[in-house]
Amino acid sequence: MSRKDGLRALFDADRSSVVSFFRRVTGSASLAEDLSQDVFARLAATDIGAIANPQAYLRSVSANIATDLVRRENRRRLTSAEIDDLLEVPDPAADPEARLIAKDRVERMLEALAELPVRRRAILVAARLEGIPHRTLAETHGISTRTVEIEIQKALAHCARALVD
């Protein structure tokens, strides 16, 4: 099988799962398509025949592209005014002191999340907010499900310490 045929077979077999992965990560079908094309463009620059497990390599390249995307998005920090606007959620039932306490807790939680390593934060958000199964996260990040559980435990412990301190 030629290099081109190997890449084509991998593309045909795994394209839909790569696009689905990026759709879950980004929430955008068009961006998912673009990112999946990036994956296969990177694969085209490698010798697929020399790779022992092309599917694992494909998942690794996909995870790396997703991580790069998260890093690029994290570089754009919100201004203090933007954060204040986002945190202003008026609750007519809450008194001013309760609102200040709640705002402080939200700020501390956001700071704690920002302090987490990129992979740990991505795993926590994906598992707890997006409901992505641990097995899927393990495959995406090229780690075991036990490592996913440990990352979540460490992330939650960090966030809990931030709220208590």
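Leaving aside its neighbours within four places in sequence, which residues is Ser62 in contact with?

Modeller: Happy to! Please keep in mind that this is a predicted model. Once the neighbours within four places in sequence are set aside, Ser62 is in contact with Val18, Phe21, Phe22 and Val39. Ser62 itself belongs to helix 3, which covers residues 54–75. Its relative accessible area is 5%, and since the cut-off for being buried is under 20%, Ser62 counts as buried.

Val39 is one of the buried residues of helix 2, along with Ala32, Leu35, Ser36, Phe40 and Leu43. Looking down the axis of helix 2, these buried residues fall within an arc of 140°, so they line one face of the helix. Helix 2 runs over residues 29–44, 16 residues in total. From its first C-alpha to its last it reaches 23 Å, close to the 22 Å expected at 1.5 Å a residue.

Cys159 lies in helix 8, residues 145–164. Apart from neighbours within four places in sequence, Cys159 is in contact with Met109, Ala112, Leu113 and Leu124. Arg108 is 51 residues away from Cys159 along the chain, yet their C-alpha atoms are separated by 8.4 Å.

Helix 8 can be read in the same way. Its buried residues are Val148, Glu151, Ile152, Ala155, His158, Cys159 and Ala162. Seen down the axis of helix 8, they fall within an arc of 130°, so they too line one face of the helix. These buried residues pack against helix 5 (96–115), helix 6 (118–129) and helix 7.

A last word on confidence. The protein chain averages a pLDDT of 83, and 90% of the residues score at least 70. Helix 7 (residues 134–141), one of the packing partners of helix 8, has the highest mean pLDDT among the elements of the chain, at 93. Helix 4 (residues 80–87) has the lowest, at 73. Where pLDDT is low, predicted coordinates should not be read in detail.

Key: Residues are numbered from 1 along each chain as its sequence is written. This is a predicted model: local features need pLDDT of at least 70, side-chain atom pairs count only at pLDDT 80 or more; totals for chains, interfaces and linings use all residues. Side-chain values use heavy atoms; hydrogens and water are left out. Helices (H or I, at least four residues) and strands (E, at least two) are DSSP runs, numbered from the N terminus. Contact means heavy atoms within 4.5 Å. Buried means under 20% relative accessible area, exposed over 50%, partly exposed in between (1.4 Å probe, protein chains only). The expected span of a helix is 1.5 Å times one less than its number of residues. The arc is that of the directions from the helix axis to the C-beta atoms. pLDDT is the predictor's confidence in each residue, from 0 to 100.
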